[in-house]
Amino acid sequence: MLRQVRSRLASRHRRRANAAIRKLCDDAEYLGLGPVPGPVRVALRTHHETQWKTWVFVPPLAIFTVRSVAILLSELIATYAPSWIYEAVYGTPEAVSVVSASYWLPTAHGIVLIASSFLVIRRLTVLLADILGVRSLCFERVQHWADLIGECAETVRAPHMRPDLQSVSLRLALLRIRGARSMCGTVPSFSRRRPELRKHANQVVGALRAAHAEFDVDRKKAARKLAGLALKVSNRYSQGHVGALLDSAELIETTCRREALHLAILAGVTAAAGWGVQAFHVPAPLAIGAVVLAGAWLYRSAVGAGLAALAVLLPVLFPGK
């Protein structure tokens, strides 16, 4: 019985793999991109033919990981955290204020639990995929890039269709590029190569966005260019070249603007300082000094913006200071 079910699943996914490869080849030929490279076809086939194995072990792995992380966090909080933190996280007060510790401590606990579980599940999934030979999740992003090529081909096939019906979405394709270094399995979790790979991924994202922006000038030409970049990225990724997804001449230098993140961090530091003054009777000058130091460090290249943010935040959380 199990053998028959396994055979049917394998046959079904084999048909889906053939259909996906055939569609990609037709789209690439129509766009004039040439034949689809062999590594891309192998990646698509591996993704579809091992997909059923992924669903066999990933859900139990996710449940086990979430449960283990939750137990570990609860033990750490019960052992090392003050009693009022334990009561705020695991207690059930009748009425909870939004600005009280009983509200934001359980929220922070949930965020830490979700983030930790996601990171652990991701690492364990890559590890088990290498051990068991299940590469469906690794090559799942190749299918997303193939879908992007298909959208570009549909745009070229229907030039007279309304522009709003010819939309080409980059959201999932760009997300898969940013995470390529993690899911390919060729770069360890804490490797020193990761910062350079992150920079390269941002440059590849910039190149795809620049090609997408040309849709407003010449839709057909831009669609072919974007599809060509996506096919090259798929080929390089399928071979494990996560640090050379595109040629250096095709990359776009990007500047990372982090003003919103800096403002959020400064607001969090200011809120923590204000709460520390009330809860632990920390001297207000010391807390304000810590906030000013944090603002100076965050806005060291834009002092005016940091002073403006402090001028708004300090009177709110330190009234009368």
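Is D247 buried, partly exposed or exposed? I looked this up to get going: D247 counts as partly exposed because its relative accessibility is 33%. (Buried means under 20% relative accessible area, exposed over 50%, and partly exposed in between, with a 1.4 Å probe and protein chains only.)

**Ground rules.** I'm working with a predicted model, where local features need pLDDT of at least 70, side-chain atom pairs count only at pLDDT 80 or more, and totals for chains, interfaces and linings use all residues. Residue numbers run from 1 along each chain as its sequence is written, and side-chain values use heavy atoms, with hydrogens and water left out.

**Salt bridges.** I used this cut-off: a side-chain nitrogen of Lys or Arg within 4 Å of a carboxyl oxygen of Asp or Glu. That rule gives 9 salt bridges.

I started with the partner of D247, which is R236, at 2.8 Å from N to O. D247 sits in the loop between α10 and α11, while R236 is in helix α10, 11 residues away. R236 counts as buried because its relative accessibility is 17%. (Helices here are DSSP runs of H or I with at least four residues, numbered from the N terminus.)

Next I checked E140 and R176, whose closest N and O atoms are 3.2 Å apart. This pair links distant parts of the chain, with E140 in helix α6 and R176 in helix α7, 36 residues apart. Both E140 and R176 are buried.

Then came R45 and E49, again a salt bridge, with the closest N and O atoms 3.2 Å apart. Both lie in helix α2, 4 residues apart, or about one turn of the helix. R45 is partly exposed at 30%, and E49 is partly exposed at 26%.

**The core.** I looked for a nonpolar core (buried Ala, Val, Leu, Ile, Met, Phe, Trp, Tyr and Cys residues joined through side-chain atoms within 4.5 Å). The largest one has 46 residues, and those with the most contacts inside it include V142, L208 and Y237. Helices supplying at least two residues each include α1, α2 and α6. The largest share, 9 residues, comes from α10.

**One more buried spot.** T270 is in helix α11, residues 259-280. It counts as buried because its relative accessibility is 0%. I also noted that the C-alpha atoms of T270 and V291 are 5.8 Å apart, though the two residues are 21 apart along the chain.
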